[in-house]
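Trainee: Could we go through this one together? I would like to begin with the charged side chains and then change topic as we go.

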Amino acid sequence: MSSKIKWGVIGTAGIARGCTIPGMQKSDLCELYAIAGRSKEKAKEFKELFGFKKAYGSYDELLADPEVEAVYVPLPNNIHCQWVIKALNSKKHVLCEKPIAMNESELRKMFAAAKANGVLLVEAFAYLNSPYMYKLRELIQNKEIGDVDYIDTAFITQGYSEDFRLHKELGGGGIYDIGCYCTSLILSLIDSPIKYVKADAELDDTGVDHMASVMIKFENGARASFNAGMILGKDTSDRYDRLFIHGTKGYIRSDVEYNQEGDLEFNITIKKEHGERVEKTCQVSSKSNYSLELDKINRCIREGETPLVTEDFSIKNMRLLDRILDVSGYNDCKEEFILPNGIVIPAVGYGSYLSTEKYGMDTIKLALDAGYRYIDTASFYDNEEQIGRAIEDSQIPRDQLFICSKVWPTELERARESFEVSCRKLKTDYLDMFLIHWPKNSDDPEWFSKVAEGWKIMEELYYEGKVKAIGLSNFLPHHIKPLLKVARVRPMVDQLELHVGYMQEYTLSYLKEEGILPQAWSPLGRAKLLQNERVTDVAIKYGKSTAQILLKYLVQRGIPVIPKTSSIDRMKENMDIFDFMISDDDMSYLSCIPEVGYSGEHPDFCVCL
């Protein structure tokens, strides 16, 4: 077997032409074997320009070539997943341009395909292979500037007259395209779980972010910030890069651009006693980051080395990007929501409260037949046994379902027993999510000690792997704040009554700041909104039902929903909300509808007997 890897490239993007393919040419371990374009003419142009042996007029043709061992994918972000999985299923190793996926859910599917086919999948962050980055990591690891407590970086480049970056449906925008450099750099230098993310973005008329500012707080106390954007003119070569790393004993300043090569310099300042500061310049020499990246990947394929950008690192980076996009308002049409620990929650679930009273388990069977894979229940609903039988009869594999139940406030001290009873009735040995149903009984002075004790048990279940996610239901900020002071595991979800006419904006703002996902029960206002004239006017405008408008409004605001109905037609209708967007004006209009549909159930004044 030749020591060189026969590489194929699917796509003729600018980054392939100007960066990665020249990097392949400089690598002694790469053979430029095949190029595929959307047209045979474009592929032939690249074949002549770079010396590929074969040119294909379609991506599928290249993937069918048995001589191709590895494939580089530089396609628009929104089709990475599709073509990467095709390449992996064709038994090709894959280097995919960053960002490798549109979200963590896609990313996990891609790595699952790599494992199933026994091939390598790597996200293309060439700059991480630079001696410059190795030197920075070495200085930090050796505590040359002490413990890192703050990192600030920026990557700001030009705007474009016409480019995929200007199209949201193609995965465009500054955060995706260049913010991913900033997040990956920060995560490569700070090894700690993320506590919270705050972000703001300037969005254009299409919803694409032109400029974003982000602040990240880590659980070890370190902080990081970055700016990313496309605001420096149109179709120019202008860009602005910076890096500042502050530690307890000194700091590093650098204006080295991402993916720069040649002789690179940055400054180190060491803080001595009595205020003295010693400055020095550090210099490293780097050849093409892209050839270094290809050399590394070729060694991984031939010699079994571990990739520099691992699966875990890509998932960690994608998870951070997901959170930034959520917080900045970019993600407004998601079919899934991803919790901080990577657990995926469908945007639309089936709420089972009172749903089995009339038709029993048949209602749950209808919901499963309609396509629901998220079933929400609680011990208080007294229908877990019916749900368990319906799921068993459906023969749907357990790992394709998301099942949530809740512990009643009077059972908090026996939360483990409550969990076990729920699992037995639901015919499962684990729950995807387990919530505390209400924070307190009215006028119970001991409510928090009970919540804290229940939460401790839920944390134990979480650490034991019996529950994938733990959270709250009907908790307001003044209930959550004391819990955050004692919790080892932060609440991941808070289920609330949320609907047009009752949005609890203060609580939503608080949850956003704390990184807790809000989820809407009674998203239709207990059906009181279905005939509301104001909502009906909006529904007519979009050719949708009032229920679809009400649910879309919430999901578009980043809030998953759990509507309930006993009609299979309405069940299907409630899930069919992802083929349209509500305009900003209509979102504002719906947000300003006076209070309507409120149940009257306030968490501080409920009676939980």
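**Charged pairs, cores and backbone**

Mentor: Glutamate 144 counts as partly exposed, at 29% relative accessibility; buried means under 20% relative accessible area, exposed over 50%, and partly exposed in between (1.4 Å probe, protein chains only). This is a predicted model, in which local features need pLDDT of at least 70 and side-chain atom pairs count only at pLDDT 80 or more, while totals for chains, interfaces and linings use all residues. Residues are numbered from 1 along each chain as its sequence is written, and side-chain values use heavy atoms, with hydrogens and water left out.

Trainee: OK, and which side chain meets glutamate 144 in a salt bridge?

Mentor: That of lysine 280, with 3.0 Å from N to O. A salt bridge here is a side-chain nitrogen of Lys or Arg within 4 Å of a carboxyl oxygen of Asp or Glu. The pair links distant parts of the chain, 136 residues apart: glutamate 144 is in the loop between helix 6 (131-141) and strand 7 (148-159), and lysine 280 is in strand 14 (residues 277-286). Helices (H or I, at least four residues) and strands (E, at least two) are DSSP runs, numbered from the N terminus. Lysine 280 is partly exposed, at 40% relative accessible area.

Trainee: Where do arginine 242 and aspartate 152 lie?

Mentor: Their side chains also meet in a salt bridge, at 2.6 Å from N to O. Arginine 242 is in strand 11 (residues 239-247) and aspartate 152 in strand 7, so the pair ties together parts that are 90 residues apart in sequence. Aspartate 152 counts as buried, at 12% relative accessibility.

Trainee: Which residues do salt bridges that share partners join into one network?

Mentor: Arg416, Glu460, Glu464 and Lys466.

Trainee: And how many salt bridges does a search of the whole structure find?

Mentor: The search finds 35. Another of these pairs lysine 53 with glutamate 31, at 2.9 Å from N to O. Lysine 53 sits in the loop between helix 2 (40-50) and strand 3 (54-56), glutamate 31 sits in strand 2 (residues 30-36), and they are 22 residues apart. Lysine 53 is exposed, with a relative accessible area of 54%, whereas glutamate 31 is buried, at 15%.

Trainee: Changing topic: how many residues has the largest nonpolar core?

Mentor: It has 113 residues, and those with the most contacts inside it are Trp7, Ile151 and Ile245. Helix 7 (residues 174-189) gives the most to this core, with ten residues. By definition, such a core is a set of buried Ala, Val, Leu, Ile, Met, Phe, Trp, Tyr and Cys residues joined through side-chain atoms within 4.5 Å.

Trainee: What does isoleucine 151 touch?

Mentor: Leaving aside residues up to four places away in sequence, isoleucine 151 touches several residues, among them Leu185, Ile186, Leu189, Phe244 and Ile245; contact means heavy atoms within 4.5 Å. A second, separate core of 86 residues includes Leu368, Ile387, Val555 and Val561.

Trainee: Leucine 551 next: buried or exposed?

Mentor: Leucine 551 counts as buried, at 0% relative accessibility. Its place is in helix 17, and it touches Pro523, Leu524, Val561, Pro563, Asn574 and Ile577, not counting residues up to four places away in sequence. Threonine 546 is also found in helix 17 (residues 546-556) and counts as buried at 14%. With the sequence neighbours up to four places away excluded, threonine 546 touches Leu530, Val535, Thr536 and Ala539.

Trainee: Now the backbone. Which peptide bond is cis, with omega near -15°?

Mentor: The one from lysine 98 to proline 99. Proline 99 is found in the loop between strand 5 (93-97) and helix 5 (104-117).

Trainee: What is phi of glutamine 504 near?

Mentor: It is near 45°, a positive value in a residue other than glycine. Glutamine 504 is in the loop between strand 22 (493-497) and helix 15 (505-514), and it counts as buried at 18% relative accessibility. Lysine 91, not a glycine, has a positive phi of about 65°. Lysine 91 lies in the loop between helix 4 (80-89) and strand 5 and counts as partly exposed, at 48%.
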